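Hi,

Here is the structure I promised to pass on.

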Amino acid sequence: MFVPFEKINDRARVWIYQANRKLNSDETRIISEALSAFTEGWLVHGRPMEASFDIRWDRFIILAADEGVNAASGCSIDDSVRTLKKLGADLSTDFFDRTQVAFKRDDDVVSIPTVELKQKLHDGVWNRDTLVFNNLVATKRELEQSWLAPAASTWLKRYLPQQTVAS
């Protein structure tokens, strides 16, 4: 059963799918229509899932399910993945490329392949304060509080030089 994203519980589980390119308005309309139908009929063991979605930055699809109402099962999660894979195929877009890290630059999203992170850090393209989209957040609350975070506070800190305190 579809619930508007702003009304779904803050404890709702989220899954973030990052497109490998910016989506245009026709594509976001197609995605919205497909995900409205999907979330309205999303079932877990034959029972409705209280679910929602949001599209942000013309780049990210966020699915949410209130597991306090009905916990997602492997099969129900598989259904969502199949839906996103079909949308990706229909739109010639990859929502499953986990080798791209998305950073916020001004009012845009810039992706850097993980194999280039060290070099791009050295080149000054990003640093410890650069805002990164942390797609590993697990709940709507985390999404709202820490999805966009300085690189130093995410898994990217392993690429940063150790800072020492001067005496």
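Below is what turned up around the aromatic side chains.

Keep in mind that this is a predicted model. With ring centres required to lie within 6.5 Å, the count comes to ten aromatic pairs. One of them is Trp-57 with Phe-133: the ring centres are 5.5 Å apart and the planes sit at 75°, so this pair is edge-to-face. Where do the two partners sit along the chain? Trp-57 is in the loop between β4 (51–56) and β5 (60–65), while Phe-133 belongs to strand β8 (residues 131–133), so the contact ties together parts that are 76 residues apart in sequence.

Their surroundings are worth a look too. Phe-133 has 4% relative accessibility and counts as buried, because the cut-off for buried is under 20%. Trp-57, at 33% relative accessibility, counts as partly exposed. Both residues also belong to one aromatic cluster, made up of Trp-57, Phe-60, Phe-133 and Trp-147.

Another pair is Trp-155 with Tyr-159, again edge-to-face, at 6.4 Å centre to centre and with 70° between the planes. Here Trp-155 is partly exposed, with a relative accessible area of 29%, and Tyr-159 counts as partly exposed as well, at 22% relative accessibility.

Then there are the lysines. The charged end of Lys-85 sits over the ring of Phe-96, 5.4 Å from the ring centre. Lys-140 has its charged end over the ring of Phe-5, also 5.4 Å from the centre.

Cheers

Definitions and conventions:
Residues numbered from 1 in each chain as written. Predicted model: local features only at pLDDT ≥ 70, side-chain atom pairs only at ≥ 80, totals over all residues. Heavy atoms only, no water. Phe/Tyr/Trp six-rings, centres within 6.5 Å; stacked < 30°, edge-to-face > 60°. Helix = DSSP H or I, 4+ residues; strand = E, 2+ residues; numbered from the N terminus. Buried < 20%, exposed > 50% of the residue type's maximum accessible area, 1.4 Å probe, protein only. Lys NZ or Arg CZ within 6 Å of the ring centre and 35° of its normal.
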